[in-house]
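The tour below goes from one selection to the next.

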Amino acid sequence: MSDTYCPRCDLVIGRGCACPEDGSTPRKAPESRPARQEWRQFPGTAILIRRDGKAHVPGACDHMSEDDVRAPRWGWILDPPPGLWERIKEGGAPVAATGGNTAARATSRCLDCVDALG
């Protein structure tokens, strides 16, 4: 059986996708969050980029796991320069992945990651 990916968030339906079936905006995660998950392959300072342009930080959000982050669906920047995460925004200059899918360009940040990082 193959995984079915959500066309809206590009995560596996039933295993990470939190999009409501009616197409409305997903509910915000509750305030009490578990401790950040430890990742083995990606350092906590890395920037992970889905092929749709959404940037994430390892372990900062709970709707994906390290096992989900694989090329060609994902690209990454293992050692980003200081301030790069903050410069990723809609309407800004796209940020190119340096590993994995190097064609991936970050054009926005995951709001759960932004909230978790303060």
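**Salt bridges, stop by stop**

Select Asp-67 and Arg-70: their side chains meet in a salt bridge, with N to O at 3.9 Å. A salt bridge here is a side-chain nitrogen of Lys or Arg within 4 Å of a carboxyl oxygen of Asp or Glu. This is a predicted model, in which local features need pLDDT of at least 70 and side-chain atom pairs count only at pLDDT 80 or more, while totals for chains, interfaces and linings use all residues. Residues are numbered from 1 along each chain as its sequence is written, and side-chain values use heavy atoms, with hydrogens and water left out.

Stay on Arg-70, which is partly exposed at a relative accessible area of 37%. Buried means under 20% relative accessible area, exposed over 50%, and partly exposed in between (1.4 Å probe, protein chains only).

Next, select Glu-66 and Arg-40. They form a salt bridge whose closest N and O atoms are 3.6 Å apart. Glu-66 lies in the loop between strand S2 (54-56) and strand S3 (74-77), and Arg-40 in the segment before strand S1 (47-50), so the pair ties together parts 26 residues apart in sequence. Strands (E, at least two residues) are DSSP runs, numbered from the N terminus. Glu-66 is buried at 3% relative accessibility, whereas Arg-40 is exposed at 70%.

Now show Arg-40, Glu-66, Asp-67 and Arg-70 together: a network of salt bridges links them.

Last, select Asp-52 and Arg-50, whose side chains form a salt bridge at 2.5 Å, N to O. Asp-52 is partly exposed at 40% relative accessibility; Arg-50 is buried at 5%.

Methods: Helices (H or I, at least four residues) and strands (E, at least two) are DSSP runs, numbered from the N terminus.
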